[in-house]
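Please read the following account with the sequence and the model side by side.

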Amino acid sequence: MALDDTIVALATPPGEGGIAIVRISGAESMEIIRALFVTKKKNKPKTIPERYFHYGYIVEEDGNIVDEVLMVYMRAPKTYTREDVVEIHCHGGMVPVRKIIGLVLSAGARLAEPGEFTKRAFLNGRIDLAQAEGVMDLISAKSEEAARLSLEQMEGTLSKKIRSVRNDLLDLLAHIEVTVDYPEEDIESVMTDQAKERLNSARTECRNLLASADQGKLLREGIKAVIIGKPNVGKSSLLNALVRENRAIVTDVPGTTRDVIEEYINIRGILVRILDTAGIRETVDQVERIGVERSRELTQTADLVLLLLDASEPLEKEDTELLKWLKDKRVLILLNKTDRPEVVKEEEIKPLTGSRVIRTSMIDGAGLDEIEDYIYEMVYSGGLGPRNSVTVMNSRHKEALIRADKSLGEALAALDASVPLDMVTIDIRNVWEALGEITGESLTENLIDKIFSEFCLGK
């Protein structure tokens, strides 16, 4: 893609609003705005000082006013794209925006592709690819924690870590080249020990990042929590209590919920997608049977299953079958209706499952804080890695780290097998290349185009 042309796009969401921002980037930005902008007195400005808001109008060629605007000009290279940038702050609404963009296009610009402003920032060296993906993650973040991690990635925390490992590997490759070129120095055995040490160090860094990937995925995409249980155990009441509104219909009639009800809640900065499902039981009702089947399907892909049992009634065959069926899932057992005389005790449940058991009541709110505590701990210490200062949130980054770790293992195995150093460099270069894919230093143009095509228009 040529970078010597000028692009334009709406940088704010389309639709009615108080303000819309039309962004222009490229070498002709100043020339274009000079052709379209006039001051409040309807004069062409003699000069347009940079980084100041200028009040005036966007006009057509015949002087007809299109809209009253604020305009700011930013000179390269101290801009988002490292190109000349103009932003036109006009009134929100499709008519003024469409007319202004049309005039900019007629003046010599072209419509930007999705993510092209950020792509230009990447191609012009202002940010690397991991930082660019952090921009998009920040825009799409649905929780405070996802936004925090996206901002850290955008500021380069992951890139610095990756670049440090790559630089150390490049230095190791240079030392190995010297060893191969001067074999008479008899330093190969010393160099082999140093190579093992440095490769083990690189592997530790990669595995620390990989340990954070599951946690990062949950923070980026949110936790999918599915509420299941027999009919009338309080599933819909639990959903309402967590959402803090009457989202689901609650009755004493078993089988009230027949379809999946979905809600999003924020638990201490963590996005949780909660799905209330149909009660799982044998039924001849065709509609209810479809709901039960959907409940089972959703459970298979859940990050967390909230299994409700009625503490006021003896365990039945359906309860024990559910416990057995969920033995390989992450399950939180909720002994519900503890405001009534309890028939089922925790001691009766624990031999049937290794999962955590919490006593709850939707009448007095008992156990709700414990559920939130469990979800928070599940993300930050429940076997998903520590709350690292650098967290991997992107599946593309995780896949590259897995390949890097594999090549590091192969390099170390080769050294242990006394394979010549110059042969081991193949694996080391594979590691270097895989890590470079994260920052964009080892990617093909086609893959870069694909990544940026997933960005929103105007960013």
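A contact here means heavy atoms within 4.5 Å. Of the contacts in the protein with a separation of 6 or more, 66% are between residues 24 or more positions apart. This is a predicted model, in which local features need pLDDT of at least 70 and side-chain atom pairs count only at pLDDT 80 or more, while totals for chains, interfaces and linings use all residues. Residues are numbered from 1 along each chain as its sequence is written, and side-chain values use heavy atoms, with hydrogens and water left out.

The protein has 459 residues, of which 50% count as buried; buried means under 20% relative accessible area, exposed means over 50%, and partly exposed lies in between, with a 1.4 Å probe and protein chains only. The secondary structure comprises 16 helices and 13 strands, taken as DSSP runs (H or I of at least four residues for helices, E of at least two for strands) and numbered from the N terminus.

Seven strands form an open sheet with mixed pairing, in the order β3-β4-β5-β6-β2-β1-β7. Two strands are said to pair if DSSP finds at least two bridges between them. The edges are held by β3 (37-39) and β7 (110-111), and each has a single partner strand, so one side of each is left without a neighbour in the sheet. The partner of β3 is strand β4 (residues 53-59), which pairs with β3 in the antiparallel sense over three bridges; within β4, I58 is the bridge partner of F37.

Helix α2 (residues 94-106) touches β1 (7-10), β2 (19-25), β4, β5 (65-74), β6 (85-91) and β7, and its direction makes about 60° with that of β5. Helix α3 (residues 116-123) touches β1, β2 and β7, with a direction at about 135° to that of β1. Such angles run from 0 to 180 degrees between N-to-C directions, the axes being lines fitted to C-alpha atoms, for helices over the stretch in contact.

Rings of Phe, Tyr and Trp (its six-membered ring) pair if their centres lie within 6.5 Å, and planes under 30 degrees apart count as stacked, over 60 as edge-to-face and the rest as tilted. By this rule there are two aromatic pairs. One of them joins F122 and F452, a tilted pair at 5.9 Å centre to centre with 35° between the planes. Because F122 lies in helix α3 and F452 in helix α16 (residues 445-453), this pair ties together parts that are 330 residues apart in sequence. The rings of F452 and F455 have centres 5.1 Å apart and planes at 45°, so they too are tilted. F122 is buried at 11% relative accessibility, F452 at 1% and F455 at 6%.

Charged groups sit over rings as well, under the criterion that NZ of Lys or CZ of Arg is within 6 Å of the ring centre and within 35 degrees of the ring normal. R23 has its charged end over the ring of F117, 5.3 Å from the centre, and R166 lies over the face of W432 at 3.9 Å from the ring centre.
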